[in-house]
Amino acid sequence: MSGGIVRASDYWRQQDEQFWAYVRVLSEKRGYAKRGADSVAAYSLAECKVTLGELDRDPAVLDETDLGARLVDYFAYRAHELNDVARKKLLEANEAKELFNNIVDKYCTTATELHNNKGVLVAVEYGVRGGVNVRVPMNKQKGVKRELSFLTGMVNILFSYELQGQPFEDDPRRLPVIDREGELFAAMSRRLDGAYPSSVNPRALWEIKEYYYITTFGSKISDAVYISQLDGHERHEIVEATGVPIDLYLFVDAYDTWWTKGKAYLCRLVDAVNKGVVDEVVVGRECMEAIPRLVHTW
């Protein structure tokens, strides 16, 4: 993992279910971050043993193999990558707006407002230099907080530019499916935010979670994490059944929501990536570096 992008470590991808069970249970009991602290926590071996004792579980298991050492190393790795790398890439709303406008100026040639039948602005369609047109929706806020969905806009425009006219879906509005000569073979449970080249037989899928103007910390961010688990498990089932690779990415942003209030959920996203549930989590401004690289791999 580097540069604010949560990418899997080959070493942690090799860990078994027992390892991840201890990661989850110890993290939940000890807390992903100390109360009032502005950082993600790491745990020593002694702290892990005490915690298992509090859970009426035998701490000796951590010494019988190298399990204890691996857990301590993982907690240190997770804390470092979030505290020292990823947090610096998360954007406040005004920073996201500025970066979005810079991307529009650099990559777009036209901007057409789209209104509903009541005359309310619902989206802007951008013509992208060398790419296909993309639609950037307004967020769901009201009043002065009603703005374009900045991260969605950045992702859509950058994918369009990097694909240079190749088709992709920036707002699929349909379930991802696998078919064979028109006959359905598999389908996922819910719509995602993007697909390449299509939601039918996708090579890559992605979800976007931006929460710039949210003032209360409700269930949305936890739902985002748990839903990504569902998407990942369904993706794995389809890949195993078909042998066709499908990449799955998650783009997230909003410093106050994900960092100030949601460190525990960022930790769970690091766990999800290293467990293989999703392939990458791209944090804030790192979409600028990640999207060209991802398109190149396709």
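Mentor: Start with C267. Its sulfur is 14 Å from the closest cysteine sulfur, the one in C48, and that is too far for a bond. A disulfide needs two cysteine sulfur atoms within 2.5 Å. The search of the whole structure finds zero of them. C267 is buried, at 0% relative accessible area. C48 is buried too, at 1%. Buried means under 20% relative accessible area, exposed means over 50%, and partly exposed is in between (1.4 Å probe, protein chains only).

Keep the source in mind. The model is predicted: local features need pLDDT of at least 70, side-chain atom pairs count only at pLDDT 80 or more, and totals for chains, interfaces and linings use all residues. Numbering runs from 1 along each chain as its sequence is written, and side-chain values use heavy atoms, with hydrogens and water left out.

Now the rings. The structure holds 23 aromatic pairs. One of them joins W20 and Y74 edge-to-face, 5.2 Å centre to centre with 85° between the planes. W20 sits in helix α2 (residues 17-30) and Y74 in helix α5 (residues 67-85), so this pair ties together parts that are 54 residues apart in sequence. A pair here means Phe, Tyr or Trp rings (for Trp, the six-membered ring) with centres within 6.5 Å; planes over 60 degrees apart are edge-to-face, under 30 stacked, the rest tilted.

A charge meets a ring as well. R180 lies over the face of F185, 4.0 Å from the ring centre. The cut-offs are NZ of Lys or CZ of Arg within 6 Å of the centre and within 35 degrees of the ring normal.

Next, the backbone. The peptide bond from Y196 to P197 is cis, with omega near -10°. P197 is in the loop between β7 (194-196) and β8 (204-210). Another loop, between α7 (150-163) and β5 (177-180), holds Q164. Q164 is not a glycine, yet its phi is positive, about 50°. R173 lies in the loop between α7 and β5. Its phi is also positive, near 55°. Q164 is partly exposed at 44% relative accessible area, while R173 is exposed at 53%. Helices (H or I, at least four residues) and strands (E, at least two) are DSSP runs numbered from the N terminus.

The largest cavity has a volume of about 60 Å³. Its lining includes R190, E207, D231 and Y249. Two elements give two or more residues to that lining: α8 (220-242) and β9 (247-253). Of the elements, α8 gives the most, with four residues. By class, the lining has seven nonpolar, one polar and three charged residues. Asp, Glu, Lys and Arg count as charged; Ala, Val, Leu, Ile, Met, Phe, Trp, Tyr, Cys and Pro as nonpolar; the others, Gly among them, as polar. A cavity is a set of points on a 1 Å grid over the protein atoms alone where a 1.4 Å probe fits but cannot get out, and lining residues have an atom within 4 Å of a point. Points join across faces, edges and corners, and the volume is the space filled by probe spheres set on them.

Key: On a 1 Å grid over the protein atoms alone, a cavity is a set of points where a 1.4 Å probe fits but cannot get out, and a pocket is an open set with protein on both sides within 12 Å along at least five of seven lines; lining residues have an atom within 4 Å of a point.
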